Amino acid sequence: MYIFNRITVNPQLPKRIEKLGEISNNLWWSWNTEFLRLFRKIDNDLWERCGKNPVKFLREVSQDKLESAVKDISFLKEYDKNVENFKNYMDSKNTWFANKYPDNKDDVIAYFSAEYGLDETIPIYSGGLGILSGDHLKSASDLGIPLVAVGLLYKNGYFHQKINGNGEQETEYHDIDLYDLPIKPVKKVTGEDLIIYIKFPKRRVYLKVWQIRVGRIKLYLLDSDIEKNNPEDRDITLRLYGGDQEMRIRQEIVLGMGGVNLLTRELGLKPSVYHMNEGHSSFLTLELIKNIIKEKQVSFDVAKDIVTSMTVFTTHTPVPAGNDIFPVDLVEKYFKDFWPRIGLSREEFLRLGMKPSKELQPGFNMGILALKIAGKKNGVSKLHGAVSRELFGEVWPEIAANESPIDYVTNGIHTCSWLSPNLKELYNKYLIPYWQDNIQYNYVWEKIKNIPDEKLWEAHQNRKEKLLKLVKDSTTERLRRSGYKYEDINQIVSRIKSKSFNYRVCKKICNI
């Protein structure tokens, strides 16, 4: 038997509920769990098997289930409410930014990050930096901030951790199936995929552009895994934080310099502010300087001052080892043809990424590059700001370290992404209407004291039960992988009970 091709037949959404498809392709649903309940109503078992992924669900659900949903009056009532909420959200002009800065409606803020933690179904993040980036986009969407984001599309994502029978960590990489995710290729007016390129030594690296909608915000992801590239370059965007230092510098050139070219040349945007979330995207400052020198026919110093006025840098890591430092010979390899274009000598260019000293240092520090050029610099808490001023104090030797120009903005969260559904229901009932659109105001929270204590305690207990079930299920799965017998597994997980479960029991089970 010969297989010439594979044909996939997707179910057809009935017209009455066709908006399920549109909303599933916008991560608005990741913080509006009322919408996700619709999928449970259609087919709860499939919803669980699909990993609570709306796009994958709609590809695999049976046509019969969809037709049955159209006949369910209670389902349609809930569906209509969610569609209306989504439409009102997307169309609203009454946002915080619109009200606060009515004269800046045409501004664009460009946000660059190496990772984005938007939802667990999209594994292009590893930890806190990515979660902050994801929450940043969601909050910007809620506030109506005219932000556009840039990142990389890692088709292997970040590694998955497993613990074997000996308690040792095992790492696995899984390919991402893009067709099961709310990620779409960006198209040119001709209908072709948008592909840009960045210059590497003796070659071009081509990058396909993808887009994720996060409420009102667009996130653009660059992807080197296309046929126009050689095998080595196809791997540039394969894995988050994967590979050696040369792979990392390639990734950061693509992110920073490729990202600037995408926004300004291909999309025709003119950001008034570029925000670098950590030093991974610091090369964007060099690309901006190069473009301004060419466009305005000015010197490096003048172009640098212009870029300083339009860049913000957030540093996260309060230890030297947390900042990317590339060997000088590696920087030379990728930038020896670049520094003449911005009017600098080799030494002048390399010193951009080094602390002031008589001798050239062995490494080029991406954090220092950002600190030297960005006009605004901040840590992520009051204490972290103080630590960062000491850590990078040598960048400004003429002033005391504690007076270094590094401020702080305390990290926050996107409330509705982290708030449990049952608590959100309580807030909907007892707080003012549309409270989630105005969480920055104190008056919104005045009525929170009206929530009865027993209601809050009940919500807490429900969350605890869900946590215990999660611990029980994950423990059972791990013990099965490790070859434990059914009787032993049952004996171990039977100790996970809501009335007697405590920290010591949890620690003992998790260290099995």
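User: What makes the meeting of the Asp193 and Lys187 side chains a salt bridge?

Analyst: Happy to explain, and keep in mind that this is a predicted model. The N to O distance between Asp193 and Lys187 is 2.5 Å. A salt bridge needs a Lys or Arg side-chain nitrogen within 4 Å of a carboxyl oxygen of Asp or Glu, so this pair qualifies. By this rule the count comes to 27 salt bridges.

User: Why is Asp193 called partly exposed?

Analyst: Its relative accessibility is 27%. Buried means under 20% and exposed means over 50%, so Asp193 falls in between. Lys187, at 47%, is partly exposed by that reasoning too.

User: And why is Lys208 called buried?

Analyst: Lys208 has a relative accessible area of 14%, and the cut-off for buried is under 20%. This lysine sits in strand S7, residues 203-214. Among the residues it touches, leaving aside those up to four places away in sequence, are Pro185, Leu194, Ile195, Leu221 and Ile226.

User: What makes the approach of Lys208 to Asp193 a polar contact?

Analyst: The two side chains come to 3.2 Å, and the limit for such an N or O pair is within 3.5 Å.

User: How do you know that Asp233 and Arg203 tie together separate parts of the chain?

Analyst: First, their side chains meet in a salt bridge at 2.7 Å, N to O. Asp233 belongs to helix H8 (residues 231-234) and Arg203 to strand S7, so the bridge links parts 30 residues apart in sequence. Asp233 is buried, at 1%, while Arg203 is partly exposed, at 26%.

User: What do the Glu332 and Arg346 side chains form?

Analyst: They form a salt bridge too, at 2.4 Å from N to O. Glu332 is in helix H12 (residues 328-335) and Arg346 in helix H13 (residues 346-351), so this one ties together parts 14 residues apart in sequence.

Methods:
Residues numbered from 1 in each chain as written. Predicted model: local features only at pLDDT ≥ 70, side-chain atom pairs only at ≥ 80, totals over all residues. Heavy atoms only, no water. Helix = DSSP H or I, 4+ residues; strand = E, 2+ residues; numbered from the N terminus. Buried < 20%, exposed > 50% of the residue type's maximum accessible area, 1.4 Å probe, protein only. Polar contact = N/O pair within 3.5 Å; in protein donor to acceptor, adjacent residues only side chain to side chain. Contact = heavy atoms within 4.5 Å.
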